[in-house]
Amino acid sequence: MRLSQRVQAIQPSVTLAITARAKALQAAGERVLPMAAGEPDFPTPAPIREACVRALEAGHTGYAPSAGIPELRAAVRKRVQAELGLAYGDDQVVVSCGAKHCLFNAMQSLLGPGDRGLVQSPYWVSYPAQMVLAGAEPVLLPIPASGAGLNRPALEAALGERTRVLVLNSPCNPSGHVLSADDIDYVAGLARQNDLTIVSDDIYDQLIYGPERPAHILRRHPDLQDRVIVVHGVSKTYSMTGWRLGYALGPKPVIAAMRKVQDQSTSNATTFVQHAAITALESPPALVAGMLAAFAERRKRIVAGLSGLPGLRCQAPDGAFYAFPDVSGLLARSLDGQAVGSALRLAELLLERERVACVPGEAFGAPGYLRFSFACSLEVIDEAIVRLGRFIARLG
Ligand SMILES: Cc1ncc(COP(=O)(O)O)c(C=O)c1O
């Protein structure tokens, strides 16, 4: 059977593939250290679970308005107003089945054949794939010489009449990097001059390790409200990855278009989950403070451990829950007479030989890096460092 060109142009997710392989090994009785998947390992907090049960018992099990129940849309607007200092109308918000779904709807609404979307490397795997599914061309900006942040010369070179969208993701998956205020101001200037729409994926913005809130384009440049699509959700902040609930806010015509895509594809996000999401968004920060403290401790432990290994260089991430060491120093070395060659092969070898599951940088447009999720226990982190050290010691 012939498949569409669009679907043939995208690759299956490497992250999901590695996670599936690790799970298969686990099912076969192997003790695999799970550092590939991007999800918090905590249970969803009890008040949110209880709100869901109450919603089920109250009979909220039918179809809901496609764009989300009005009470959740109101809670989202209130929360975003508190975060960004901007008011949004009810017709400027849409609730979807995860931030990923919001991003998909946004790409479908903003891009088409002949259009280009800009994505800074290293990037989360789904941005370019979603652009391709919209028929557009993703332009992947190489990692800047400084190792993180925006590649300004590449960005400027990629601007043009058909360049419509730039994705911002701060903190970034996979690097954990938070964009500087200077980079944000630079993007704001470019957006104004070049009629760019900014898609700001803020999914990790509550998982921050420094004292300061990350710079946000709309806090610094509220006049850009009519050209920024804010994407967020409950997955990472509240450990609700499986609940599938995200939301987007933006200018009315874009949100109307995103709602239309949703009307004709999935309809509403799960009705009782939307009721529970109100509890999540209205909860005090104390509800997730324990998780954040645990992530902070794990971050310290993994960065110290990885930095102590020969051939690896690891910067402390500003946010999110990933360590993203540069492993290029290991690639020319060999195992059993064969050169390691690539981060992809290195990740395979680590899984095969040491049962450590991580994601190779190739998946994020960053060959020469590995991503280790530290959404796992301190014991797993310690054990992973031991196994990595043992593996490196065996390299020729
Ligand atoms: C950068 C980034 N954006 C969006 C998502 C999607 O989140 P959700 O679970 O809300 O679809 C993820 C999940 O891994 C992510 O890492």
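**Exercise 1.** Find the strand that E3 is joined to by five bridges, and say how the two run.

*Solution.* Five bridges link E3 to strand E4 (residues 137-141), and the two strands run parallel. Strands pair if DSSP finds at least two bridges between them. Strands (E, at least two residues) and helices (H or I, at least four) are DSSP runs, numbered from the N terminus. Within this pairing, Gln-120 has Leu-141 of E4 as its bridge partner. The model is predicted: local features need pLDDT of at least 70, side-chain atom pairs count only at pLDDT 80 or more, and totals for chains, interfaces and linings use all residues. Residues are numbered from 1 along each chain as its sequence is written.

**Exercise 2.** Describe the surroundings of E3: its other pairing, its burial and the unit it belongs to.

*Solution.* Start with the other pairing: E3 and strand E5 (residues 163-169) are parallel and share four bridges. Here Gly-117 is opposite Val-165 of E5. Next, burial: of the five residues in E3 (residues 116-120), four are buried (20 or more other C-beta atoms, placed from the backbone, lie within 10 Å of the residue's own). Last, the unit: E3, helix H6 (residues 126-133) and E4 form a right-handed β-α-β unit. Right-handed means that, with the strands pointing away from the viewer, the path from the first strand over the helix to the second runs clockwise.

**Exercise 3.** State the domains and describe the side of domain 1 that touches domain 2.

*Solution.* Domain 1 covers 5-43 + 287-394 and domain 2 covers 46-282; the bounds come from an automatic or database domain assignment. Their C-alpha centres are 26 Å apart. To the contact, domain 1 brings 32 residues and domain 2 brings 29 residues (contact: C-beta atoms, placed from the backbone, within 7 Å). On the side of domain 1, helix H12 (286-307) gives the most, with seven residues. This side has 21 nonpolar, six polar and five charged residues. Ala, Val, Leu, Ile, Met, Phe, Trp, Tyr, Cys and Pro count as nonpolar, Asp, Glu, Lys and Arg as charged, and the others, Gly among them, as polar.

**Exercise 4.** Give the strand order of the open sheet that contains E9, and name its edges.

*Solution.* The order is E9-E14-E13, with antiparallel pairing. Strand E9 (322-323) and strand E13 (359-360) are the edges, each pairing on one side only. Two bridges connect E9 with strand E14 (residues 370-373), and Tyr-322 is opposite Ser-373 in E14.

How values were computed. Buried ≥ 20, exposed ≤ 12 C-beta atoms within 10 Å, placed from the backbone. Contact = placed C-beta atoms within 7 Å.
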